[in-house]
Amino acid sequence: MARSYQGTFPTQQGMPAADVVLLGQCDSNPRATIPVLEQKLTDRKATLPPDDRGVTQQPRAPRTQR
């Protein structure tokens, strides 16, 4: 997602410093950065990349005791 967002800026145009910091936090805090990046991409009318985090797991049914 970070690459997709970086790609929305022309090479000659610099990215805002706050966005550079945000991209630097992608690996260490993805839970906080992903929604922000999704919103920024949507605001720039860019297509969101496919979600490769996999399908969320369904909660397990409680075990019955025998």
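Colleague: What's the secondary structure count?
Modeller: The chain has 3 helices and 0 strands. Helices (H or I, at least four residues) and strands (E, at least two) are DSSP runs, numbered from the N terminus. The order from the N terminus is α-α-α.

Colleague: Ground rules before we go on?
Modeller: This is a predicted model: local features need pLDDT of at least 70, side-chain atom pairs count only at pLDDT 80 or more, and totals for chains, interfaces and linings use all residues. Residues are numbered from 1 along each chain as its sequence is written, and side-chain values use heavy atoms, with hydrogens and water left out.

Colleague: How much of the chain is buried?
Modeller: Buried residues are 15% of the 66 in the chain. Buried means under 20% relative accessible area, exposed over 50%, partly exposed in between (1.4 Å probe, protein chains only).

Colleague: Let's go to H3. Which residues of H3 are buried?
Modeller: Thr 33, Ile 34, Leu 37 and Leu 41. They sit on the same side of H3, because they cover an arc of only 105° around the axis. That arc is taken from the directions from the helix axis to the C-beta atoms.

Colleague: And which exposed residues are on the face turned away?
Modeller: Arg 31 and Asp 43.

Colleague: What do the buried residues of H3 pack against?
Modeller: Helix H1 (2–6) and helix H2 (17–24).

Colleague: Zoom in on Thr 33. Buried or exposed?
Modeller: Thr 33 has 2% relative accessibility, so it counts as buried. It lies in helix H3, residues 30–43. Beyond its neighbours within four places in sequence, Thr 33 contacts Leu 22, Gln 25 and Cys 26. Contact means heavy atoms within 4.5 Å.

Colleague: How far apart are the end C-alpha atoms of H3?
Modeller: They are 19 Å apart. The 14 residues should span 20 Å at 1.5 Å a residue, so the two agree. The expected span is 1.5 Å times one less than the number of residues.

Colleague: New topic: where is Pro 49?
Modeller: Pro 49 is in the segment after H3. Its relative accessibility is 24%, so Pro 49 counts as partly exposed.

Colleague: Which residues does Pro 49 contact?
Modeller: Setting aside neighbours within four places in sequence, Pro 49 contacts Met 1, Ser 4 and Leu 41. Pro 49 and Ser 4 are 45 residues apart in sequence, and their C-alpha atoms are 7.1 Å apart.
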